[in-house]
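Keep the viewer open and try each task before you read its solution.

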Amino acid sequence: ISLLQSFLAEDTSLDTHLERLKSYLPVAEGISGSMSALQQWLTEHTHDKLVSADCADLVDTLRDLAETFHSHLEVMQDLAFDPTCTLVSLRSVSALLDAVSRVDIVPLPPGTAALSLKGKRRFRQIEVANGLVRDLVDLAGPIIDREAEITDYSKRLSALQSAGQEGGETDSEEEGERERDLQQWATLDILGSASVSLLDALTASQGKARDMLKRLRDLGEEVTADDIREAKGDVTILGIQISKRRTSEEDKVKLRAQQAALEAEISDMETSLASRTEIFALLQPYLFLPSVAQALSVPLRERVVESGEQQHPCDWGEGWVVTEEGLVEGTLTLRESVALAKVPGGLIQFDQQPTTPPCLQFTDPRTVTRVSGGTGRTSYPQVLGDRVFTSGTHKWNVRVVHTGTCAFGVCCSSVEDPNGAVDWSKTWHVDQSFGGEPEVRTSFTDNDLITIHLDMESHTISFIRNGSETIGTLSSVASSVRPWFELHVEPVCLRIE
C-alpha cells in the first residue's frame with residue numbers, strides 16, 4: 001500500500017507516463033529494427049565486395065535503409081521528454097500489478113457462532129487482512145484500469161531489452177550508458193549517410209570505367225610504338241624501291257599503292273596508339289576496380305580520395321566505438337584513404353602555363369603524356385609541379401603509366417622559365433635517359449610506381465619503386481625546390497598520385 005501511495009503521489013501522473021510510452025516505444029522499436037537492418041547490410045557488403053559488385057543495383061537499397069534509420073533517429077532526438085523516468089516508472093507499476101495480482105481475499109464462513117475462541121480470533125485476523133486487500137485493490141484501481149496497456153508496453157520494452165536496445169536505466173551509470181547508445185545511433189546515422197555517398201561515388205566510377213573499357217575494346221588489337229616504327233621502316237624501304245631506276249613503271253605504281261595503303265595504316269595505328277594511351281591514362285584513377293585492373297593487366301590499387309572529396313568508410317563490421325575526435329574505429333571503421341601525394345596544401349598538380357610545349361598533353365591536372373612534335377629544347381619538354389618546398393618532409397608518387405625516356409624529381413624553385421630547359425645541374429632526379437648530375441639512373445616498366453621522399457631538413461631526396469625497392473638517394477638538395485618532370489620520347493605518360 002505504501003509503495004502504491006508513493007507511486008501515485010509522484011509529480012508525473014500515470015496517464016502522462018503512458019502517453020509518453022505511447023510516443024516513445026514505436027520510435028525505439030523503429031530504431032531497433034532499422035539499425036539492425038542497416039548494420040546487417042554494412043556487414044554483408046564490405047568494401048572489397050562493393051568494388052566488384054554492381055553498385056548501381058545496391059545504392060537504392062542502402063539509401064532506403066539509411067534514410068529510414070535517420071527518420072527514426074530524428075523523431076527520437078526531437079522527443080520533448082527524457083524517457084528514462086517513464087521507463088523506470090513502467091517497471092515499478094508492472095511490479096506493483098504483479099504483486100496485487102498475487103494477493104487474494106480469503107473466503108470466510110457466514111458467521112462465528114460455531115467457532116472456538118481461537119477460531120474467532122483467526123476469523124477476525126483474516127477479516128482485517130481481507131479489508132487491507134480490498135483497500136489495496138481500491139487504491140490500485142487506476143493502475144488496474146490500465147492493465148492492458150501496461151502489460152503491452154512491458155512486453156514491448158522486454159523485447160527491446162532482449163535486442164540490446166533498452167532505453168533509460170535505473171541509476172546514473174545506466175543513464176550514462178543510454179547517452180552512449182544515443183551517441184552510437186548518431187554515429188551510425190553519419191556512417192549510413194557516408195556509405196550512401198561512397199556507393200554513389202563507386203557507381204559513378206564504375207559507369208565511367210565501363211564506358212572507357214568499351215572504348216578500349218573497340219580499338220581492337222593493341223598497337224605499340226615499335227609496330228609504328230617498323231611500319232614506317234617498311235614505307236622507307238618501299239620508297240627506296242620506287243626510286244630505283246630498274247624498277248618498272250608498272251611496279252612503281254603498285255609500290256606507290258602499297259606505300260599509300262601502308263601510310264594510311266600507319267595513320268590509323270598512330271590514332272589508335274594515341275587513343276589507347278589517352279584511355280590508359282584516364283583509367284588510372286579507377287585501378288581500384290577489379291574490372292579495370294584486369295583489363296589493363298596491372299595490380300589492384302587502393303582507391304584514392306580526391307582533393308576536397310568527403311572521406312568515406314571503406315570497411316565496417318559489427319561494432320564500433322566513438323573517439324574523442326568523433327571518428328569511428330574498431331571493426332566498424334571510417335578509414336582515411338589518403339594518397340601519398342597528400343602534401344600541405346593538397347595534392348600536387350602540374351603547373352600548366354600558356355607556354356607549355358604543345359607536345360605535352362594533359363589528360364587532367366595530374367596526368368601528362370608526351371605526344372609527337374617539339375623541336376629544339378622542346379624536343380625534351382619539361383613541366384613543373386605547382387608546389388614549392390622549403391621545409392618539412394614530403395612524399396608523393398609518380399606513376400609511369402607508359403614507359404618512354406623520361407626523368408623526374410625536383411629542381412630549384414628559382415627557375416625563370418618554368419617551361420624551358422631547366423639546367424640538369426639544378427635538378428635532383430631519377431631518370432632512364434642519357435645521364436646528368438645529380439641523378440639516379442634506372443629503367444622503368446609500364447605502371448611502375450615511384451615514391452619520392454623529400455626531406456628539406458636533411459636536404460635529401462629518395463626514390464622507391466613499387467613500395468619496396470630503393471632506387472637511390474641524393475643529397476645537397478637546394479633550400480627551395482619544386483617537383484620537376486622531363487618527358488623525352490613518346491608515348492611516355494606520367495601521373496602524380
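**Exercise 1: the neighbours of β6**

Strand β6 pairs with strand β16 (residues 493–496) in the antiparallel sense, over 3 bridges. Before going on, note that this is a predicted model, where local features need pLDDT of at least 70, side-chain atom pairs count only at pLDDT 80 or more, and totals for chains, interfaces and linings use all residues. Residues are numbered from 1 along each chain as its sequence is written, and side-chain values use heavy atoms, leaving out hydrogens and water.

Task: find the bridge partner of Thr369 in β16, then describe how β5 and β6 pair.

Solution. 
- Step 1: Thr369 has Cys493 as its bridge partner in β16.
- Step 2: strand β5 (residues 360–364) pairs with β6 in the antiparallel sense over 4 bridges; strands are DSSP runs of E, at least two residues, numbered from the N terminus, and a pair needs at least two DSSP bridges.
- Step 3: Phe362 stands opposite Val368 in β6, and a hairpin through 2 residues joins β5 to β6.

**Exercise 2: burial in β10**

Task: explain why strand β10 (residues 427–431) is described as largely enclosed.

Solution. 
- Step 1: buried means under 20% relative accessible area, exposed over 50%, and partly exposed in between (1.4 Å probe, protein chains only).
- Step 2: 5 of the 5 residues of β10 are buried, so the strand is largely enclosed by the rest of the structure.
- Step 3: Thr427, His429 and Asp431 point one way, while Trp428 and Val430 point the other way.
- Step 4: β10 pairs with β9 (residues 406–412) in the antiparallel sense over 5 bridges, and with β11 (residues 439–441) in the parallel sense over 3 bridges.
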